[in-house]
Amino acid sequence: MYSHYTNMKHICLLSCIILYLVSCSHEDQDNGPASPPAPTRGELAVPPGFPQPYIPVFNPQTVEGIQLGHMLYYDSILSTNGLRCASCHISSASFSSPVFFPLAGGQISVPPHVNLAWNPDYNWEGSASMLDHVALGDFEPEFFNTNMALLVQKLKQHPEYPELFYKAFGIIDVSKLSYDDLKLKISYALTQYLRTMVSANSRFDKFVNHQINLTNEEFDGFLTYSTERGDCFHCHGTILLTNNTYHNNGLDTLFTGFNRGRYLVTGDLHDMGKFSAPTLRNVELTAPYMHDGRFSTLEEVVEFYNSGVHLNSPNIDPIMTKPAKLTGLNLTEQQKTNLVLFLKALTDTTFINNPSFLDPF
């Protein structure tokens with residue numbers, strides 16, 4: 001009898017537990033949806049020889065975040081003037097633009113979106129220190145004329161975005177976010193996508209990885225690039241083809257407007273006229289050249305460094321004023337031609353044609 005009574009108590013206790021769990025389940029349903037599933041970790045492939053990229057813990061790579069960022073990159077839903085990221089970052093131009101933007105006191109060319117995960121800062125003058133915040137600038141009036149209320153309405157009514165925001169960031173209702181929070185989440189998604197835009201499959205990469213040989217002309221151009229003959233490597237060295245620092249390369253002797261460069265960020269007179277050295281990956285595709293797009297061809301760029309540097313420019317980089325350069329590089333016509341051929345060997349056609357980077361619509 002005692003054993004039977006004990007078993008009955010256990011059965012009753014188990015029944016109570018089951019009823020309690022079922023009750024809690026109904027309560028959860030009444031109180032709203034369950035917690036969103038954790039986003040799927042997204043790995044960023046690091047090419048051979050590349051350093052590790054900086055990915056902050058507050059915005060890791062996720063499959064869902066990358067998908068959301070990819071769609072937003074190509075969607076004009078963010079603006080009321082029809083612009084989208086891809087309006088100025090065109091795949092055939094290595095995600096830069098063949099035109100430049102007018103600015104007060106000058107103009108500015110569009111930097112390419114390539115290997116951004118390895119940049120320590122962003123924009124020609126380094127006005128942004130984190131990629132995760134760069135996209136916030138695209139909401140400024142000169143780029144996106146954004147109406148917050150309209151943006152929220154469009155996102156909520158879209159057939160895919162509510163679910164994508166939910167899966168990527170656990171956002172149940174975008175209208176519950178402040179304007180700043182919504183911009184931040186959009187920027188985070190765009191950043192996750194931008195980090196995936198890795199270029200490392202040019203003829204030069206295959207040469208470095210012992211897969212092919214450069215032509216004799218390309219190799220001679222490489223020698224000009226990587227030795228004191230042309231001295232390109234000091235600013236555009238390493239596998240990234242940039243040293244990620246700022247230089248006054250002797251373009252001008254007077255500085256006004258945006259041409260003041262890094263000075264606009266630091267206020268340091270020693271930074272007057274200094275600009276970030278861009279990566280030369282896919283440089284064949286990213287005309288016009290220099291921060292203000294003043295040169296239309298690689299041949300013009302090479303001739304500038306060969307014979308057109310303003311050696312009396314204030315704060316000019318010492319690299320530009322080595323004794324051997326005081327009369328110009330004095331490259332022969334063949335050496336200049338070969339240097340351009342080498343620069344074209346930096347083109348990565350698989351990058352610009354990668355379906356993962358093309359319009360998902």
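Let's start with H70, which has its place in helix α2; helices here are DSSP runs of H or I with at least four residues, strands are runs of E with at least two, and both are numbered from the N terminus. This is a predicted model, in which local features need pLDDT of at least 70, side-chain atom pairs count only at pLDDT 80 or more, and totals for chains, interfaces and linings use all residues. Residues are numbered from 1 along each chain as its sequence is written, and side-chain values use heavy atoms, with hydrogens and water left out.

**H70 and its surroundings**

- H70 is buried, at a relative accessible area of 13%; buried means under 20%, exposed means over 50%, and partly exposed is in between (1.4 Å probe, protein chains only).
- Its side chain gets to the backbone oxygen of S356 at 3.4 Å. For reference, a polar contact is a pair of N or O atoms within 3.5 Å; within protein, one must be able to donate a hydrogen and the other to accept it, and residues adjacent in sequence count only if both atoms are side-chain atoms.
- Leaving aside residues up to four places away in sequence, H70 touches Y193, P355, S356, F357, L358 and P360, where contact means heavy atoms within 4.5 Å.

**The protein as a whole**

- Of the protein's 361 residues, 46% count as buried.
- Take the contacts between residues at least 6 apart in sequence: 70% of them join residues at least 24 apart.

**Nonpolar cores**

- In soluble globular proteins, nonpolar side chains tend to be buried together.
- The largest nonpolar core here has 35 residues, and L72, Y73, Y161 and F165 have the most contacts inside it. A nonpolar core is a set of buried Ala, Val, Leu, Ile, Met, Phe, Trp, Tyr and Cys residues joined through side-chain atoms within 4.5 Å.
- Helices α2, α3 (85–88), α5 (148–157), α6 (161–169), α7 (179–195) and α13 (349–352) each supply at least two residues of this core.
- The most comes from α7, which gives six residues.
- L72 touches I77, L78, Y161, I186, A189 and L190, again not counting residues up to four places away in sequence.
- Apart from this core lies another, of 27 residues, among them F204, F207, I316 and L343.
- Over in helix α11 (residues 298–308), L298, V301, V302, F304 and N306 are buried, and the buried residues of α11 pack against α12 (333–344).

**Salt bridges**

- Side chains of opposite charge can pair when their charged atoms come close.
- The count comes to 13 salt bridges, each being a side-chain nitrogen of Lys or Arg within 4 Å of a carboxyl oxygen of Asp or Glu.
- D132 pairs with R195, their closest N and O atoms being 2.7 Å apart. This pair links distant parts of the chain, with D132 in helix α4 (residues 131–134) and R195 in helix α7, 63 residues apart. Both D132 and R195 are buried.
- D173 and K156 also form a salt bridge, at 3.5 Å from N to O. D173 lies in the loop between α6 and α7 and K156 in helix α5, so the pair ties together parts that are 17 residues apart in sequence. K156 is partly exposed, at a relative accessible area of 42%.
- E163 and K167 meet in a salt bridge at 2.9 Å, N to O. Both lie in helix α6, four residues apart, or about one turn of the helix. E163 is partly exposed at 46% relative accessible area, and K167 is partly exposed at 36%.
- Salt bridges that share partners join D252, D292 and R294 into one network.

**Loops and surface**

- Y54 sits in the loop between α1 (2–31) and α2 (63–73), and Y54 is exposed, with a relative accessible area of 56%.
- Y54, V57 and F58 make a nonpolar surface patch of about 380 Å². Patches are made of residues with over 30% relative accessible area and no salt bridge: like charges are joined within 9 Å, nonpolar side chains (Val, Leu, Ile, Met, Phe, Trp, Tyr) within 5 Å.
- N209 belongs to the loop between α8 (203–208) and α9 (216–226) and counts as partly exposed, at 37% relative accessibility.
- N209 and P48 are 161 residues apart in sequence, yet 8.4 Å apart in space, C-alpha to C-alpha.

Terms used
Accessible areas come from the Shrake-Rupley method with a 1.4 Å probe; for residues, only the protein chains shown count as cover.
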